[in-house]
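Subject: Structure handover

Hello,

Here is the structure I promised. Please open it beside this note; the findings follow below.

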Amino acid sequence: MDGAQRTLAHPFVRGLGDGSLPVSCFKRYVAQDAYFLEAFARAYAFCLAHSRSRQDLYDFAQLIVGVLDELKLHAAYAERWSVDLAHVVPGTATRAYVDFLLETARTGELGETIAAMTPCMRLYAFLGQTLSRGEVAPLYADWVKTYADPGFETLASQLERLLDTHAVDSEPVRANYRRAMELEYDFFAACLS
């Protein structure tokens, strides 16, 4: 089973679709994901700083705006369910993912950094689109709708194009992509416990 299908089959993700995910788990996810998204925006900023063309500047700036929009969604969840986003203590899985992402971004190897970021975008688009094809419970319908949205697909595709432009098929690029997929799964698993 590939990483995307494995994550789709995870009880946390299934619970998002059918509404069976306990709200306490979703609240934990919102806090941890907001913490992660701030690091994700910083990693995009590293990409922007190391970019090579004017088009790259525009593309990474748009991707940063996309993360800021996700953070607004998380802020709305936080308000709805009284989640403190100002004092998040990252869990082990969140810390591992953030450290991996920012350490990779700091190297300045643009293709390797993009390879570490692409799985998040592509996976969330896949999850949202796949869950939206079935009956979605109202409790987490906004989550599914956000990641099934064509605008999110556009951002995921934009990042994949940047990956094609800047990455060479190499072991570090493949390793970063694989590691990010593993960290995504671990992130969902940690929010369920």
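Leaving aside neighbours within four places in sequence, which residues is Ala-78 in contact with? They are Val-30, Val-83 and Leu-85. Keep in mind that this is a predicted model.

**Ala-78 and what follows**

Ala-78 sits in helix α4. Its relative accessible area is 7%, under the 20% cut-off, so Ala-78 counts as buried. Leu-63 is 15 residues from Ala-78 in sequence. In space the two are 23 Å apart, C-alpha to C-alpha.

Ser-82 belongs to the loop between α4 and α5. Ser-82 is not a glycine, yet its phi is positive, about 55 degrees. Its relative accessible area of 67% is over 50%, so Ser-82 is exposed.

**α4 against α8**

Helix α4 covers residues 54-81, and helix α8 covers residues 150-166. They pack at an angle of about 145 degrees. Their axes are 11 Å apart. The crossing of α4 and α8 is left-handed.

From α4, the contact uses Asp-56, Asp-59, Phe-60, Gln-62, Leu-63, Gly-66 and Glu-70. From α8, it uses Phe-152, Leu-155, Gln-158, Leu-159, Leu-162 and His-166. By type, the contact residues of this pair divide into 6 nonpolar, 4 polar and 3 charged.

Asp-149 is placed in the loop between α7 (141-148) and α8. Asp-149 is partly exposed, with a relative accessible area of 36%. Gln-129 is 20 residues from Asp-149 in sequence. Their C-alpha atoms are 7.7 Å apart.

**Helix α5**

Helix α5 runs over residues 92-106. How does its span compare with expectation? At 1.5 Å a residue, its 15 residues should span 21 Å. The end C-alpha atoms are 21 Å apart, so the two values agree.

The buried residues of α5 are Ala-93, Thr-94, Tyr-97, Val-98, Phe-100, Leu-101, Leu-102, Thr-104 and Ala-105. They pack against three helices: α3 (23-50), α6 (110-132) and α9 (171-192). Gly-108 follows α5. The phi of Gly-108 is positive, near 85 degrees.

**The nonpolar core**

The largest nonpolar core holds 67 residues. Which of them touch the most other members? Phe-12, Phe-26, Tyr-29, Phe-40, Tyr-44 and Trp-143 do. Helix α3 gives the largest share of this core, 14 residues.

Take Phe-12 from that list. Leaving aside neighbours within four places in sequence, Phe-12 is in contact with Leu-21, Cys-25, Tyr-29, Phe-188, Cys-191 and Leu-192. Tyr-29 is also on the list of residues that touch the most other core members.

**Leu-131**

Leu-131 lies in helix α6. Buried or exposed? Leu-131 has a relative accessible area of 13%, which is under 20%, so it is buried. Leu-131 and Leu-16 are 115 residues apart in sequence. In space they are 8.4 Å apart, C-alpha to C-alpha.

With neighbours within four places in sequence left aside, the contacts of Leu-131 are Leu-8, Val-13, Leu-16, Gly-17, Val-136, Trp-143 and Val-144. Trp-143 is one of the residues that touch the most other members of the core.

Best wishes

Terms used: Residues numbered from 1 in each chain as written. Predicted model: local features only at pLDDT ≥ 70, side-chain atom pairs only at ≥ 80, totals over all residues. Heavy atoms only, no water. Axes fitted to C-alpha atoms, helices over the stretch in contact; angles between N-to-C directions. Helix = DSSP H or I, 4+ residues; strand = E, 2+ residues; numbered from the N terminus. Left-handed = near helix turned anticlockwise from the far one by under 90°. Contact = heavy atoms within 4.5 Å. Nonpolar A, V, L, I, M, F, W, Y, C, P; charged D, E, K, R; others polar. Expected span 1.5 Å × (residues − 1). Buried < 20%, exposed > 50% of the residue type's maximum accessible area, 1.4 Å probe, protein only. Core = buried A, V, L, I, M, F, W, Y, C linked by side-chain atoms within 4.5 Å.
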